[in-house]
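Please keep the structure in view while reading.

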Amino acid sequence: MPAYDAIIIGTGQAGSPLAGRLTDAGMKVAIVERNLFGGTCVNTGCTPTKTLVASAKTAQMARRAAEYGVLLDGPVRIDMKKVKARADAVSGASRDGIGKWLEGMANCTVFRGHARFVDRNSVRVGDDVLTADRIFINVGGRAILPAIPGLAEVPHLTNSTIMDLDVVPEHLLILGGSYVGLEFAQIYRRFGAKVTVFEPGPRLIRREDEDISRAVADILAAEGIDVIVGAANLAVGRSGGGIVVSHDGSNGLKAVSGSHLLVATGRRPNTDDLDADKAGIALDAHGYIIVDDALRTTVDGIWALGDCNGRGAFTHTAYNDFEIVAANLLDDDPRRVTDRIPVYALYVDPPLGRVGLTETEAKKTGRRLLVSTRPMTRVSRAIEKGETQGFMKIVADADSGEILGAALLGTGCDEVVHSLIDVMYARRPYQQVRRGVHIHPTVSELLPTMLAEFRPA
């Protein structure tokens, strides 16, 4: 008989709560962690980075204090060691909490080490071979290091290793103009670094509509961040004690020198050292584990959750993966990945809250569309807070009244967007939201107003 009822590989945002549900159901569970409890989110992702965002926001507001009639003596100074210590403390408390929970969980055994498949029912961790009829893979992902000439020969940072910095870079060079790169760009610019972002594509955050991309670029430029788009044929090298990034510009080869280099060009799944082939688990061309709508792999009795399955790249999608697996396995509730509406945020300041389709994607569906936009300069709460950058946009189906998507770029919009998310999951037409009475003064109160101002796309 198998030694365990279930094996979970990884203690990220899907693995840990799954252990709780399975043990509550009476199963004997082994959970394996080769590095830090909590995975990317707790250790190098959401938790520490949003703590840095808060410190950076505080520094920026201190610089703007006089605008609000608050006078500070002397310039704003950054104690990066204290900033890092605060992020480490917040992250550490979360990590320790997860570790204590798992280690104290009845019917759960924690194994520390690198898990590799032996066969479809067995996993080796060090000298131990664990067996179970059910195996759940939650191994996460890591930063991609692209094939850029010279990159292997120069010191560089990733989204993980940049968390070790306890000094403010003199000049931070960032390869990649999407979510990770832009958040760190603004954080370190507000800490006092000079920052240059290199994006090979024609614009920043290419998955978003052009107007959103342009607005984000304007916000960053207003803070003194240099953004170079269309940076073709990137290469890196050394220059004295610094780093040089070169690229093809409009007038030939151009080069920018800096003190630190952050590579933020995407992520890859941690499946290359899992020996998945020994269990017969199929991967796609990018290394993601192929799963069906209930997150089952190509091998009966094995599931894949979180970043490693390519069906979502966020903490909330990983947690939802846990909910889907638990619902199907334990609750006789046939939840599916395709029931999930895409939702995420870009945590520059002001933040971008996103749900559903972009306007560009909606147009490709062939539906008759309605669109409403409102600049934050026409939102009372934003004016009162002195934070009027950005705008909000909502897209709906003209015939059914279904809200198809929204991009809300402005103060508090990472929270405001949930008003629309809830309506979309409830599958209610936008006309129903128009009847809602929202609190004044808030940003959310403008959503019913915007829905009354729809125009044909």
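## A pair of packed helices

Helix 1 passes helix 7 in a right-handed crossing. The model shown here is predicted. Two packed helices are described by the angle between their axes and the distance between the axes. Here, the axes of helix 1 (residues 15–24) and helix 7 (residues 315–330) come within 9 Å and cross at roughly 20 degrees. Angles under 35 degrees count as roughly parallel, and helix 1 and helix 7 are therefore roughly parallel to each other.

Which residues make the contact between helix 1 and helix 7? Helix 1 contributes P17, L18, R21 and L22, while helix 7 contributes Y319, F322, V325, A326, L329 and L330.

## A parallel sheet

Strands of a sheet pair through backbone hydrogen bonds, either parallel or antiparallel. In this model, an open sheet is formed by 4 strands in the order 10-9-8-14, with parallel pairing. Strand 10 (226–229) and strand 14 (260–263) each have a single partner strand, so they stand at the edges and one side of each is left without a neighbour in the sheet. On average, neighbouring strands of this sheet are turned by 15 degrees against each other, direction ignored.

Strand 8 (residues 171–175) and strand 9 (residues 194–199) run parallel and are joined by 5 bridges. One of the residues concerned is I174, whose bridge partner in strand 9 is V197. Helix 5 (residues 179–190) lies across strand 8, strand 9 and strand 14, and runs at about 165 degrees to strand 9.

A disulfide is a covalent bond between the sulfur atoms of two cysteines. How many disulfides does a search of the whole structure find? The search finds 0. For C46, the closest cysteine sulfur is that of C41, at 3.3 Å, which is too far for a bond; the cut-off applied is 2.5 Å between the sulfur atoms. C46 counts as partly exposed, because its relative accessibility is 32%.

C413 is likewise in no disulfide, and the nearest cysteine sulfur, that of C46, is 19 Å away. Is C413 buried or exposed? C413 is buried, with a relative accessible area of 0%.

## A threonine in helix 3

T51 is found in helix 3 (residues 46–63). Buried means under 20% relative accessible area, so T51, at 7% relative accessibility, counts as buried. Not counting residues up to four places away in sequence, T51 touches R86, A87 and V90.

Methods: Residues numbered from 1 in each chain as written. Predicted model: local features only at pLDDT ≥ 70, side-chain atom pairs only at ≥ 80, totals over all residues. Heavy atoms only, no water. Pairing = 2+ DSSP bridges. Helix = DSSP H or I, 4+ residues; strand = E, 2+ residues; numbered from the N terminus. Axes fitted to C-alpha atoms, helices over the stretch in contact; angles between N-to-C directions. Contact = heavy atoms within 4.5 Å. Buried < 20%, exposed > 50% of the residue type's maximum accessible area, 1.4 Å probe, protein only. Parallel < 35°, antiparallel > 145°, perpendicular 65-115°, else oblique. Left-handed = near helix turned anticlockwise from the far one by under 90°.
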